Every structure is written in C-alpha cells, then in structure tokens.
Amino acid sequence: MDFESIRKRLAGDGNLTGKAYWRSLEELADSKEFGDYMHREFPSQASEFSDPAGRRTFLKLMGASLALAGVGACTRQPVEKLVPYVRQPEELIPGRPLFYATAMPLGGYAYPLLAENHMGRPTKLEGNPEHPASLGGTDVFGQASVLNLYDPDRSRVIKGHGEIKTWSGFIAAMQGAMSAQRAVNGAGLRILTEPVSSPSIVAQITELTQSLPDAKWHQWDPVFGTVQGGATSFAPIYDFKAADVVVSLDEDFLGHGAGQVRYSKDFGSRRRIGTPNDEQNRLYVAEAIPTITGAKAEHRIAVRAQDIHAVAAAIAGAVGVSGSMAGAEAAAGAEEFVKAAAADLLAHRGRSLVVAGERQPAAVKELARAINDALGNSGTTVKYVAPVVASPADGVASITSLVSDMNAGKVDLLVIFDGNPVYTAPADLNFAEALGKVGLRVHVGMHFDDTAELSHWHVPAAHYLESWGDAKSFDGTVTLIQPLIAPIYDGKQTIEVLAAMNGNLGKTGSDLVKEFWAESLGTEAAWRKALHDGFIPNANAPAAPAAPAAPNEPANPAPAAPAAPAAPVDGYEVVFRPDPTVLDGRFGNNGWMQELPKPLSKLTWNSVAYIGVATAEKLGVQNEDVIEIASNGRRVRVPVWIMPGTATNTIGLHLGYGQTKLGRVANGVGMNVYPLRTSMAPWFVGGATVTKTGETYMLASTQTHFNMEGRNPVRVVTAEEYKHEPKESVEKLGPEVPPRDMTLYQNFEYTGNKWGMAIDLNACTGCGVCVVACVAENNIPVIGKEQIKKSREMHWIRVDTYFEGSLDAPSMVHQPVTCQQCENAPCEQVCPVGATVHSDEGLNDMVYNRCVGTRYCSNNCPYKVRRFNFLLYSDFATEEIKAQRNPDVTVRSRGVMEKCTYCVQRISHARIDAKTEGRDIRDGDIVTACQQACPSDAIMFGNLNDPDSKVSKLKEQERNYGLLEDLNTRPRTSYLAVVRNANPALDKA
Amino acid sequence: MGADSAMSQIFPKSANATARMSLAGVLTLVLFLGWVVFTLMRSSWATKQNEFVEQPIQFSHAHHVGGIGLDCRYCHTSVEKSSFAGIPPTKTCMNCHSQLWTNAQILEPVRASFRNDQPLNWTRVNDLPDFVYFNHQIHVKQGVGCATCHGPVDKMPLMYQAKPLLMEWCLDCHRAPEKYLRPRSEVFNMAYVAPDNQLELGTQLKAEYKIADPKHMTSCSVCHR
C-alpha cells in the first residue's frame, strides 16, 4: 500500500472533492486489486460464470439440484411430538414468553437484565428498564451471554484426580482438607475469586475467614480490578447528562465497563438533539488506541498511553489546580488540545467533567479528581464514592502475593472460583509453575480449561442464568440474580461451594441467598418484590458481617497528592486492552462474539496488533503482515492491522485470543498476547522492540465489504451550519432526491400502519450491540472466519465506520445499516419467483419458502443488506444450541436469501394483542431488537402514518435524510445527520 | 461409398411416425408426471388429511366434548391468549380421573405420567410447516369457529386432521373471511350451523370486528416470518 499517494489524494491532489469519507485504507488507495475485489459482490463466487468449465459444472449442479428439489418436495412432513407439562406452572401461557429480572455478574459488577423465557428456555436478554444501571439498554456481553449458557463445551462432570466423581465425593474430599485447615487456623487455605460485590458471597467468605483467621482471600481478573500504578481509594460515578464539556483521558466509557450502558444513555441524551438550536455536549478525548469513545469525540488526539499522565498534568495546570502542576508540559503535539480543552473546562465550571482512564495509573485518576474538584464538578457531574467491589484489592498485588505464598510452599489448599488464571495471570508470575507447589488445587469453573487441567478437583460452575445470587451494579444498586432454568450441566454455584466449605451442607443457592436477605428485607412480599424488580431500591446493603461501606454515601476519601508524571520510555509502546468482543477470553467460545465485527476495525475471529499509519510506514508493514514484539525478554508474534488514529509508536494488543483448552469455537483462534503482559505493566509498557517477520496471516475484516462507492452515505454538518441553515446544510451533502410523482407505477396508498425507522447517527456510538441483539432475536447463524473472508457474513444489521480527514488523526462516523425497507424496492423487481414482495404496511417481506436462491435481489440491492445462506450455516446438529433459538423466527436453511424484517415477529405480536384488546397499536408497542438493546437510544421504530409517533417526529427534523435516496428507492429507514459541535478554537475546517 | 450405389435407407418410413409419437409421448409423460406431482401434493396422502394418528392414549374427543360436553377451553386453556392453543398437562386429566375410572387399564399411561412426573408424548395432528406462524388467539377473537378448521371434533372418537391445511386453504378464508365468520359467542359452539345468509352475516361481522382488508390479510409477513 502506498501511503504517500493516499496522503496526496487526501490532500486534494487527486479527484476527491469536498469532505471525503472512506471506510478502509484499501478503498482509499484505490488500487487495481481492490477495484477487482469490489467488482464482485461475493468475491469468491461472482466471477465463476466467465469460466466455461465452471459454467458447465454450474448447470450440471443446478439440473441435479432442481431434480432433487422436486423429488424432495414430494415427501410428507415428519411427525412432530407435543409434550405438555405434567403439572403446568402458574402464570405460564404456552406459546407466550415470560420475562424475569436478573443480572449478569461480570468483573464483580451486576449488569441488570430482563430475560425472555420460552417454556422454560431463556432465549434472549434485554436490559432491565427499571434499573438505573441499564434503563433498558444492554452491552454486547449482556446480549451474548445467553449463548454461553448453552455452550456445548461447558464442563459437565465433577472431576477429581482425573476421574469422574460425584458431588458427595467432592464434599468428602473438601471436608477432609478443610478439617486439616481448621487445625492450623486456615494458614494454608487460599481462595481466589474474581472481584466480588455480591453481599451474600462476601458474607460466606467473611464467615470462612473469621473462623479461619489465617486463611486469605485473593482476587484476580485480567480486566476488572487490574491496575497499573496502584489503586485509588475512591471510584467515580459520572453523570453525563449534566456535563456540557467532557474530557476523557484514555477512558473508553462508551465502549467498555460496568457503567457503559448508563453512560451511553446519558451521553446520548446530550446528542439526540430535537431542534437545530438544542445545545449538545462536547467531547475531548486523548487516547492511544482508537476506541468508540474517541470516535465520538469532537476533538481527539492520539498520544501514547504513557503520555496521558503528562496531558492530565498539563490540563490540571491550565485550569489552575493548586499544587505543583502549574506549567506542566503536555506531550509534544498536545499543546493545542490541552489549551482548548482547559479553556472549555474553565468556561463550563460545574458543568464539565474530566474522566480518567481505568487503565491509567492512580496518579492520573487523582489528577482528574483534582481537576473536577477545582472546577466544582464534583457533586454535579461526578461523585466520588468508595469502590463498589468488596475489599477492592489491587488485583495485580493480590495475585502477586498469592503466587509468592504458593512458591514459598505456604498454600495447602487453593480454591479457584471462575476465571482461568493459568491463562490470564501476568506472565512474569509463572502461575502454572507456582500452582504445582500447592497441596490440593480445586477449580470451580464453566469450562475444563487450562486451570482445571492443572487442578486436582474440578467442579463445573453454574451459569448465572442457572443461579441465585446478588451483585451490585456500578452505581452500587444491589441487584438480584434469579435463575431462568435449572442447571443444564449440573453446574454448582460459587455460594454453594463456599457454604459447603463453611460446613453448611445441603443448602441450595436459593436458600442461601434468600436467607441472607430475609433479615434486611423482612417480609416475603418484600423479597418477592425485589426479585420481580430485579433490584433492591434503596441500594444500601444490609449490615452484613463486614460488608463494605455503603457506596451511595460519598466516602470522599481524600486523594493522595498527585504524583508527577514518570519519564516516558522510548521505543515502541505496547498497550493491552480487553477485547471488545471476547473480553479477556471468557467469551472466546461464543460464536456470536467471535463473529461480531470489532468496532472500528471490523475484524472478526482474530486478535491483531493495531498500529498507526506512521508506524506502519516506519516498519514497512501492511495489514496481515506478522510482526514479532519483544518486551523485557518476552516475545509474541501477531499480525498487523493498520488502524488510522493510533498513536505513533504505539502497538495496541487485545487480550483473549490464542486459547487452547476452552472449546471448539475458541481453540486455535488468534494469537495469545498474555505472555507479553507482566504484573508491573498489565496495561501499557514502553521500550518494546518490533521486528517484521516476513510471514503473513489471514485476517477477516468486514470493513471492506459492501462498498458504498463514495455516494455520501453519511452526512456530517457543523453545529454552526445546522443552526443557520438547518435544511440546506444537510441537503446539499447529497444528490437531489427525485420527486415522488416521477414514477411509471402508480403510487401505493398506505392506509393502515406504515412502519418506518429513524437512526440518529449523532447518538450512535458504533458499539455493535444492535448486531448481537439482532443475532439473538433472529436466529442468525455463525459462519466462521473463512466464510467471512469471502464476504458471506449473515448479520442483518451491520455498523459501517467511515473515516474522514488525515490518515494520522481521522474523525470517525458510524452508520448502522439494515434493510431499508424501500417503498420502491429494487430487489422486488428482479425476483423471478416473487419471494420478496411488499406488504400493505410497507414491509419488504422475504418469503423463505419461495426463494430459489438466484441472488438477483442481492445484486440489485444498493444497500447490500441481503444475506445469502450459501452453505448450511444454521446449526441443525448441536442439540444444546437449539434451545436458544427464538421460536417466533424461522431457522433458515441453505440456498435461501434472508434479511432484516424490522422484527416482523414483534410487529405481529403487537398487532394481534392490540386487535384482541380491540384497539390500535400504540406508539412504543413495537420495539425492534436493535432498538431495544441500543444503549444510546439511537434507533427509533414506529408508525409513520401517526404524526405524533416518536419516529414521525424524528423524521420531521431537518437533519433527516435517506440513504442513497437519489436512486428513488424511498427507504423507510432514514438517518439523522451528525451535527458536530466542534470547538471553534480547534476546528480546522 | 460410390455415387451410383443406391443409398440404403437406415430408417424405415415408419420411423417418422415413431419419432412423432415419441415426441408426443415424452410431452405427455412430462405433463402426466407434472399432474401426478400436482395431485400428489394436494392428496390426503401428502396433507395427512382425514388420517387417524396413533396416540399414547386413545383419547376420545367424541366422548369428552360430544358426550360429556366439556368446553374446548377446559383443556386448551391458552387458545384465547396465545398463538398456541395448549395441550393439557397431565394434571388436567387427573382433575377428573383421580376420581373416575381410577382403575381403567386404558388410563394407566396418564396415571403413570402423573406418578412418575413424566410427560405424555402426544403426536401432533394439525401440523403446519415450520415457516408458518399460525395464531389461535386472533382467529378465535375474530370469530373463526374451532370447527371451521378442526372439523366436527365432538364427533371424532379418534382425532384426525379435518382440513388439508394447504396455503390455498388458508387463503380461501384470508381472501374472503365473510364466508366463514361467525359471531364471537358461537366460536366454541360445536353444534353451530352457518345460517343461510352467511355471506350477509359474515360481511356484517367483518365490519363489526374490524377485520383487515384482504390486501393486509394476504401479505406474506402476516403468516410467514
């Protein structure tokens, strides 16, 4: 790839005019190869017809399949069984789902959910609309975790010393080991958990450590609670609704973390403008690796992770934080950014906010707090509380001390709950070797993974949808977890194992949790209400033994004096980040997550080294080239992905790949970068060396698929332009739209409901949760890396990312694209068998049983949203997975075209219920899966014939435009243009 | 071959007739095969219409509905609330059969199911293809009688599928519901007989129940998703 010519083209040397939006460097380079690639819709297939032998084979195969299809159709339907209950549960209406409030625990935090249950099978998870941490939205992990429940590779049996054992056998072994520990006050007992906020589990562990005072409880999670440069004694809770100006110092608050959903809701509320005069917030981001938070920023600078501290110090100095910070110098190139951000912060005292990176040293967090305190933001846009997670250990320190105890031979009994420390622990600790020195090793986990393999005992853990429990959400609200199904693989809950260690035998998880809450909640009715709501409203935990301080009371521990920034280390900087889809690897065996394109890069099924364009030029590497990264004598080999906007000399690595023991999906996918990660520098380290190996490695990114041929798919206006000429500023960005009467057909009159959708690009963060929600709702199959590489991904909704501006610091815009449900649908005109036709409500219906697979419709679709089931993608063989499927949506077979239906099953349900009640469908009765999951409320669906519906109101906005509307397709989905509220002092345009 | 030698005829004259006949024959055969497939697909062999089905218990609707006079909804509880009419749990059978016919050999599978907490495995009689999403709730609400689709269930000692359940059969009503509609109060009445002025009554009910236009009722996505 010739970056020099790309730069020239961008600089206006070529034939690009105005603002140019591009999706990939390949597209920008406009090479012949890329042109050829894009020329064919399905690159591996489309050219086959030009090859005479291929044509003959094709006709032969078609003839045979036609004949076989004819014969196949002559069979009778297979016999189906009806299996009713013996005793039907109350409230259950066969054929109708029930919804229960529960929560997903992740990294110690609760992610509140509402689970859809079809006849005892949880099939889909939504956010709990009443819970303050969700307000109805979810993140990608919440959506995908239902598939983990049915994971066929979960461990199913208790294993002891290599043999299959019973639960009572395990209890007996534990009792033996525990009684030995009781004799020595638990001196040799260690418990290793992930971070825990659950009051009931904390109570069990406290009971244990109180009776055995020398026993120790350690916590380790490679993502949550892992800190570099010390932990702070406080945790921030932000209120983005109240913040006019936000400065993020390497914090991806829209893309990751326990508060992501609520933060996106609040942040989005300041972006979903109603009129051109509405004031938006303004976001400044300084970060090393582009994140979706950075993509949302008006002003973003790429600085090395090590330099964030200096940027923070410079901002602190500029806003006048007392102390030694005045005059501190930011990293080179950040001066302008710091000046503008500081001026903006000062102009918005009490209404601004500085957000410090979770993965930055304590000093940066303390600086951010000092700035917020100085600006009077503390108490308005942010409150500082005691951490929600119990005994907020510095995870790295915790596991380090555990390993040193293990190495010293002090540990006789180690019980590991969840997690896979053999795979995830810092490489320098050599956890696996230390584990060998422990007398009795017990692992409780969902998979028989690396850690289980090195343990004497392994107990299969229950999934949270099979468990009773409790946990706190990021804001401290106590959230209850109730099971949706009995353990499918005989999994045991953490609390049950802990109770057994405490000698409380025979108690189920439900008894233990209910008993714990009985006292503080009082009545059975209160307990039932809390279960129904999913949380305990006045979030204060009961006076449980040694429960942590109630987080809602600002503990306000005084911050330590902010330290001065350490001198950055030169050479290449390696930055570790949790993967946006597989996290630390725990979602590795989840096909949905492997296939979900990662935000911005749109890579699937892989981990890469993200590098900037300048770094790539220096190294002389292209996408898919493998580089070797060496740091402190450790090395890993990873393929390169050039990510415009990555800080120069920084290499971004995502955790969680290269697993070998997790399961059929995860094993052997991608490269493991944990070997490079040390306890001293779990998040970033300087001074690394990089060498080009000359090898290449195939990567599958969807970013180059379905090119829009430069037809202005996204529209971005500045707040200033939009205020002055709202309509014109947006309209002039696209070609003229043909008038409605310019048609040979008679215009169809939509008299009843007229469904439509509006997507606010200004609110969309590009997180991708709509994609997973759609996959879960619509039974979309997983197809694998090779098929993705062939551009055959099956997702009905995709999130396109467009870059604009320079190669080194581009701005980014996301655009979710589904079937636009065109009124003049080009696909319908070309279908020879009438398999795609229009409904009277304006839906572009896809009739699977009529489709013969010509793919003409897909060829003729200008939006490229039709998906063809080339092979038998749906898994009809794995019994476990079948239970997850939505019974209201057909599981499609091979040779059939499919696409977004606007969740027609939800439309049908709402329509039937409305008719049964003798009324019209109300606005808001129908919520599509993508809309429901969206944490930014960027998607709105409703009846366009109702002038008061929310979607009609959105479409009345001046910034509303149709995608490729100049083709006269009359899309029912429309987009609301991005309005950039840039700081005039920094705006170059 | 010499120019003067008479060229012997390879094909006799009758070959012309044979060729024509075989052309016609092939065409006829193709048409015949087409007709066979067409007829077969609509035959009761393919649709399973009027076919008795082996069940774990030879349950008689004739006895329970026609004889005793149980309402459909006593067992099919969710018919007004859900897409699925509901198959009764064993408990429903035992409501009566814990007192009646407690020793009858024919009821042993029911008692065994209740005793062992093992569900009965019924064979589906009215089985639509998996890409069809039929909904009982709305049909019952809009005045489609049980017997209209399920036939004279009160006279069926053993259950069978009374109608072909082909798409053209569905569309017959979706195109012109007035032909079959009855007052809501008569939906569960097995003895209901359509009046002579059915079309008039149907048209009136169609307006009263706000039944959608055939344009909507024949949209693919109304039944297929």
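Tutor: Domain bounds, as used here, come from an automatic or database domain assignment. In this predicted model, that assignment divides chain B into domain 1 (51-87 + 125-223) and domain 2 (90-121).

Student: How far apart are the centres of domain 1 of chain B and domain 2 of chain B, taken over C-alpha atoms, and how many residues of each are in contact?

Tutor: The separation of the two centres is 28 Å, and the contact joins 4 residues of domain 1 of chain B to 6 residues of domain 2 of chain B. On the side of domain 1 of chain B that touches domain 2 of chain B, there are 3 nonpolar residues, 1 polar residue and no charged residue.

Student: How many residues does the contact take from chain B and from chain A, and which element gives the most to the side of chain B?

Tutor: Chain B contributes 40 residues to the contact and chain A contributes 36. Among the elements that give two or more residues to the side of chain B are helix H1 (14-42), helix H5 (90-97), helix H6 (108-116) and strand E1 (122-123), while H7(B) gives the most, with 3 residues. By class, this side of chain B has 16 nonpolar, 14 polar and 10 charged residues.

Student: Which strand of chain A pairs with E1(B), and in what sense?

Tutor: Strand E2 (residues 81-82) of chain A pairs with E1(B) in the antiparallel sense, over 2 bridges, and within E1(B) the bridge partner of Lys81(A) is Thr123(B).

Student: Within chain A, what is the strand order of the open sheet of 3 strands, and which are its edge strands?

Tutor: The order is E1-E32-E33, with antiparallel pairing, and the edge strands, each of which pairs on one side only, are strand E1 (21-22) and strand E33 (811-817) of chain A. E1(A) and strand E32 (residues 798-804) of chain A are joined over 2 bridges, and in E32(A) the bridge partner of Tyr21(A) is Glu804(A).

Student: At what angle do helix H17 (residues 494-501) and helix H18 (residues 509-521) of chain A pack?

Tutor: Angles of 65 to 115 degrees count as roughly perpendicular. H17(A) and H18(A) pack at about 85°, with their axes 9 Å apart, and are therefore roughly perpendicular to each other. The contact is made by Ile495(A), Glu496(A) and Ala499(A) of H17(A) together with Gly509(A), Leu512(A) and Val513(A) of H18(A), which by class are 4 nonpolar, 1 polar and 1 charged.

Student: Finally, into which domains is chain A assigned, and how far apart are the C-alpha centres of its domain 2 and domain 4?

Tutor: The assignment for chain A gives domain 1 (158-227 + 391-536), domain 2 (235-384), domain 3 (572-701) and domain 4 (749-980). The C-alpha centres of domain 2 and domain 4 of chain A lie 35 Å apart, and their contact takes 19 residues from domain 2 and 16 residues from domain 4. On the side of domain 2 of chain A that touches domain 4 of chain A, H8(A) gives the most, with 5 residues.

Conventions: Residues are numbered from 1 along each chain as its sequence is written. Chains are lettered from A and ligands numbered from 1 in the order in which they are written. This is a predicted model: local features need pLDDT of at least 70, side-chain atom pairs count only at pLDDT 80 or more; totals for chains, interfaces and linings use all residues. Two residues are in contact if their C-beta atoms, placed from the backbone, lie within 7 Å. Helices (H or I, at least four residues) and strands (E, at least two) are DSSP runs, numbered from the N terminus. Axes are lines fitted to C-alpha atoms, for helices over the stretch in contact, and angles run from 0 to 180 degrees between N-to-C directions. Angles under 35 degrees count as roughly parallel, over 145 as roughly antiparallel, 65 to 115 as roughly perpendicular and the rest as oblique. Ala, Val, Leu, Ile, Met, Phe, Trp, Tyr, Cys and Pro count as nonpolar, Asp, Glu, Lys and Arg as charged, and the others, Gly among them, as polar. Two strands pair if DSSP finds at least two bridges between them.
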